[in-house]
Amino acid sequence: MNISITVNGKVHTHDIEPRVSLAQFLRENLDLTGTHIGCDTSGCGACTITLDGSAVKSCTLLAVQADGGEITTIEGMANGDEMHPIQAAFKENHGLQCGFCTPGMVMTAVDILKNNADPTEEEIRHGLEGNFCRCTGYHNIVKSIQHAAEQMKG
Amino acid sequence: METFIGKPIKRREDARFLKGAGRYTDDIKLPKMTHSAFVRSPYAHANVRSIDTTEANKADGVVAIYTGSDSCGTFGVPCGWQVDFKNGETMREPLHPLLAKDKIKHVGEAVAIVIAETLEQARDAAELVQVDYESLPAVTDPRKAMEPGAPLVHEEWPDNASFDWCIGNDRAEVEAALDSAHYVTEMEFRNQRLAPNAIEPRSYIADYDVNSGKWTLYTSTQNPHLIRLLLCAFVLGIPEHKVRVVSYDVGGGFGSKIYHYTEEALLTWASKEIGRPIKWTSDRTEAFLTDAHGRDHVVKSKMGFDKEGKIVAHLTDEFCAMGAYLSTFAPAVPTYLHGTLFQGVYTTPLIHLNVTAPFTHTVAVDAYRGAGRPEATYLLERMISKAAKEMDIDPADLRFKNFIPPFDGVNEPGYQTQVALQYDSGNYHGVLKRGLEMLGYEDFRKEQAVARASGKLLGVGISTYIEGCGIAPSAVVGSLGARAGLYEVGAVRVQPTGKVSVFTGSHSHGQGHETVFAQFVADKLGIPMDDVEIEHGDTDQVAFGMGTYGSRSLSVGGSAIIKSVEKILEKGAKIAAHKLEAAEEDLEYAEGKWTVKGTDKSVSFGDVSLTAYVPHDYPEGLEPGLDFSSFYDPTNFTYPFGTHIAVVEVDSDTGKVTLKRFVACDDVGNVMNPMIVDGQIQGGVVQGVGQALLEEVIYDESGQMLSGSYMDYAMPRADDIPMIETDRTVTPCPHNPLGVKGAGEAGAIGATPAVVNAVVDALAHLGVTDIQMPLTPQRVWKAMQN
């Protein structure tokens, strides 16, 4: 099937099998390997991207379902060498260790802060509920998102 | 001049991870690369009557299919640790085949590999492989595995024992002391089986180059050199110098990526057969079915006390599952990483532990974050808290009464335990005192009483742990059955321009070595951190290495680097003395330059580096260059310790436990980067909380895994956890140059009993004395009703 998807501001047109997941499409067809696959079943959230502005898990969405959509992946967050405030906040607050869940965490944070510019700790924790991190115990991820919220407000 | 040791320097590895530019194995694509899928047994115990690959071979894109009948079927992965029976009989060690041929011994065991042009084609063809199984009865519980008549995992032996083992004082002496003790507390429980669950699934690419006759194996491992050694010398019999093992970024390990797995050996073999690279990446269910698990001890224990509350004796018997095959470190986990910590932080004069380690029809059990030490700590800390309640002594007071007095290992000697080890240095009073202060313990007890009066169930749980890290002196572990040395390698190469490349056999999979190692190297050389680069994870770059596990990277790997730094400075001083026309002993080195004492005559590190590589005016007889490699073999383990305190609230209607506060005061010796140490503790604590409240791998009677996905295996999520309150005391390790002890596993060791003690404390007035982990709402509610 022919699909046309805008990823990080660039239009990509590909002929793909209908069974190809969006995560596979990003990784294998577009070489955007920052989107990670940790479980294939929406359980871990490592594959989170934004589709038309909202966070979705790209492992359980077919690429054909995203036809015509606008996607941002982790690779589209920084402006050249200048990191997005959420990325910068993760670095500042040691919000990552092995880095594998990190792209999904950052993209989920985009969604959390889009819908709520000034979230409480509880709201951040609830917003992260679909993303596993096995390294940080979430402590510094929550702090990173709090910090990013402050930066983005100011 | 800016210094770096002890400061919360931000991590230099973060930029690539945050931009999606990490280099995990599954991100790598090689020219002409093929993909693979495994055909795995749905039965735990079965005869394989036949395997028919006819239809699969005809499928689109198939390059090759191999089964146990091919020549790869003769190879097996080895175990790296030998623990013989108490009666002297050699450990029973089955062949762990790369592909099962006639007999299946656990669900998920591979019977065939299908290699195809694309992953989808490999998976499609794998579904066409027809295997005729004859299902047989299975045993998955380690205690039941030792009952007469239990199904045998390996028919060549009369029962399922792999080995048995004991440590400590004479059993009869311990039993006699328990018989005459003022009070004896008893427990029987299971330290449940856990799945490590690094979020990156295991992934391998094997690439055989026909022209050079060399292999490159890209692998998600914690120890690339160890994998190369095992693969070459013990599995495939291929020359070690023809194999390069590369492990760039690894998405978490927690122990599960230490071991040499069958898939990486099989891919390496098959890559030569087909003359092309092959990739395999586990999916999550395969990870549950085939990654080594942790824990799975069935425990029966007694602890005796005198009238004052001093522990007089401790006796424990355990059945510790090995799984169907012996994984790389498996026999060491319930023995030398477990029984040797039975002293805990207490002066217990008589200790005896007896372990039986049976095979079960399950995937292997091996080291998972803490490895044997969480199991020891859970037992000790639950027993102490239970006894405190029964003897009506405050659990903090009972601990204070029994602590080993403080010792620094320099002015006071190390503490000789009843279970073989000699602790390096410790101040156990200090961490408990600080932990209680952080919590506001006395105020909490008042708050708890008020809450209880209004029907609210609040509880507090204390745990004071010790662990043995930084493994280890090679001669000691060798005498205990290790089949490898456990030193580390660190090389420092000063470039002609004074820039420094450091090569380490340690491996970072989240620990931040690229930052922390650069911090202390920069400080010791008195140069900017930006002038130091840390290289790891490539056997072609680093001379050798034993890898990262057992919280050993800084204490062993860091010490090896320090040795090389010292050699650099020693040689640099000779060159500096020559340039300054002074005697070496008249020089001092500080802030990146050698200065003639009492003068302003100096020469910089950069000038000396250049001179070493452009040796026109140079000390006679001295080799050019400034490049040293060192092996560091420690003289002892290191012994971090700490106090963890949990506060929980139990919902009286549903039994749901909410973790309200978690306080951790740890002592990991000197701290290089407090931000990273805090992060290690926080992450470890949450894994420990996961064991206490949520996690369990469940096999049913037939050996089916009932918890093989994230819908069935509960792990802590962000909204299960509060902020973790951390602080530290500092008792330096007396026997390594940085004075460090290790922080990677502490959280997972201390947290679990603290949480369970807190829940039992919340329900104590209802007569609850113990609840089996994980403390699900159902189990807690049931305990409340009884």
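This is a predicted model: local features need pLDDT of at least 70, side-chain atom pairs count only at pLDDT 80 or more; totals for chains, interfaces and linings use all residues.
Visitor: Which strand gives the largest share of the side of domain 1 of chain A that touches domain 2 of chain A?
Guide: The contact brings 15 residues of domain 1 of chain A together with 13 residues of domain 2 of chain A. On the domain 1 side, two elements of chain A give two or more residues: strand S3 (48-51) and strand S4 (54-57). The largest share, three residues, comes from S3(A).

Visitor: And how many charged residues does that side of domain 1 of chain A have, where domain 2 of chain A touches it?
Guide: Let's go through the classes. Six residues on that side of domain 1 of chain A are nonpolar and nine are polar. As for charged residues on the side touching domain 2 of chain A, there are no such residues.

Visitor: Why does the radius of gyration of chain A agree with that of a compact globule?
Guide: The C-alpha atoms of chain A fill a box of roughly 45 × 30 × 25 Å along the principal axes, and 57% of the 154 residues in chain A are buried. For 154 residues, a compact globule would have a radius of gyration near 15 Å, so chain A agrees, with its own value of 15 Å.

Visitor: Over to chain B. What is its radius of gyration?
Guide: Chain B has 19 helices and 30 strands. The globule rule gives 28 Å for 786 residues, and chain B comes close to that, so it is as compact as a globular protein of that length; its radius of gyration is 27 Å.

Visitor: What share of the contacts in chain B with a separation of 6 or more comes from residues 24 or more positions apart?
Guide: Some background on chain B: its C-alpha trace spans about 85 × 70 × 50 Å along its principal axes, and 58% of its 786 residues are buried. Among contacts in chain B with a separation of 6 or more, the share from residues 24 or more positions apart is 81%.

Visitor: Which element supplies the largest share of the side of domain 1 of chain B that touches domain 3 of chain B?
Guide: Chain B is divided into domain 1 (14-136 + 200-251 + 257-290), domain 2 (368-469 + 637-785) and domain 3 (487-632). Between domain 1 and domain 3 of chain B, 14 residues of domain 1 are in contact with 13 residues of domain 3. Helix H6 (224-236) and strand S13 (243-246) of chain B each supply at least two residues of the domain 1 side. The largest share, four residues, comes from H6(B).

Visitor: What is the handedness of the crossing of H9(B) and H10(B), left or right?
Guide: The axes of helix H9 (residues 373-391) and helix H10 (residues 395-402) of chain B come within 9 Å and cross at roughly 115 degrees. Ile384(B), Ser385(B), Ala387(B) and Ala388(B) of H9(B) make the contact with Pro395(B), Leu398(B) and Arg399(B) of H10(B). By class, the residues of this contact of H9(B) with H10(B) are five nonpolar, one polar and one charged. The crossing of H9(B) and H10(B) is right-handed.

Technical notes:
Residues are numbered from 1 along each chain as its sequence is written. Chains are lettered from A and ligands numbered from 1 in the order in which they are written. Domain bounds come from an automatic or database domain assignment. Two residues are in contact if their C-beta atoms, placed from the backbone, lie within 7 Å. Axes are lines fitted to C-alpha atoms, for helices over the stretch in contact, and angles run from 0 to 180 degrees between N-to-C directions. A crossing is left-handed if the near helix is turned anticlockwise from the far one by less than a right angle, and right-handed if clockwise. Ala, Val, Leu, Ile, Met, Phe, Trp, Tyr, Cys and Pro count as nonpolar, Asp, Glu, Lys and Arg as charged, and the others, Gly among them, as polar. The radius of gyration is taken over C-alpha atoms; the globule rule is 2.2 Å times the number of residues to the power 0.38. A residue is buried if 20 or more other C-beta atoms lie within 10 Å of its own, exposed if 12 or fewer, and partly exposed in between; C-beta atoms are placed from the backbone.
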